[in-house]
Amino acid sequence: MHELGIAQSALERALEEMRKAGCSRVSRIVLRVGRFSGVDAESLRFAFEAVRAETPAAEAALQIDEIPPTVHCAPCDADFAPTSGPPFACPRCRTWSGTIVHGRELDLIRVEMT
Ligand SMILES: [Zn+2]
């Protein structure tokens, strides 16, 4: 399960931030996940609950911010927000595009600790 590895590495990075800050508990981890990152938010939440046990993040909440996708259209040289797809059609010129600008992100953006 791919989400388990993601949860594990997010947890490790959060614990490292916590140690660097000289704190002893992690209270919240905020992840930014693009809709095309291939990550299922529910599975990730479930995996996180498994890996956080018996760590200083055992009580930590996991916040998952989903990023809406943005696709680039080369003929228009503009970005648009697709309403369906993939594949994506530019709303202006109807050209098909598969160039995803945003939506594949998977970042740890904030760790709250005490
Ligand atoms: Zn276009």
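Which residues of helix 1 are buried? The model is a predicted one, and in it the buried residues of this helix are I6, A7, A10, L11, A14 and M18. Viewed down the axis of helix 1, these buried residues fall within an arc of 130 degrees, so they line one face of the helix. Turn to the other side of helix 1. There H2, G5, E16, R19 and K20 are exposed.

What does the buried face pack against? The buried residues of helix 1 pack against strand 1 (26-34), helix 2 (41-51) and strand 8 (106-113).

Now check the length of the helix. Helix 1 covers residues 2-20, which is 19 residues. At 1.5 Å a residue, helix 1 should span 27 Å. The C-alpha atoms at its ends are 28 Å apart, which agrees with that expectation. Just after helix 1 comes G22, which takes a positive phi of about 75 degrees.

Is E66 exposed, partly exposed or buried? E66 has 15 C-beta neighbours inside 10 Å, so E66 counts as partly exposed.

Which residues does E66 touch? Leaving aside neighbours within four places in sequence, E66 is in contact with V33, R35 and A41. Look also at S37, which is 29 residues from E66 along the chain. The C-alpha atoms of E66 and S37 are separated by 10.0 Å.

Definitions and conventions:
Residues numbered from 1 in each chain as written. Predicted model: local features only at pLDDT ≥ 70, side-chain atom pairs only at ≥ 80, totals over all residues. Helix = DSSP H or I, 4+ residues; strand = E, 2+ residues; numbered from the N terminus. Expected span 1.5 Å × (residues − 1). Buried ≥ 20, exposed ≤ 12 C-beta atoms within 10 Å, placed from the backbone. Arc of directions from axis to C-beta. Contact = placed C-beta atoms within 7 Å.
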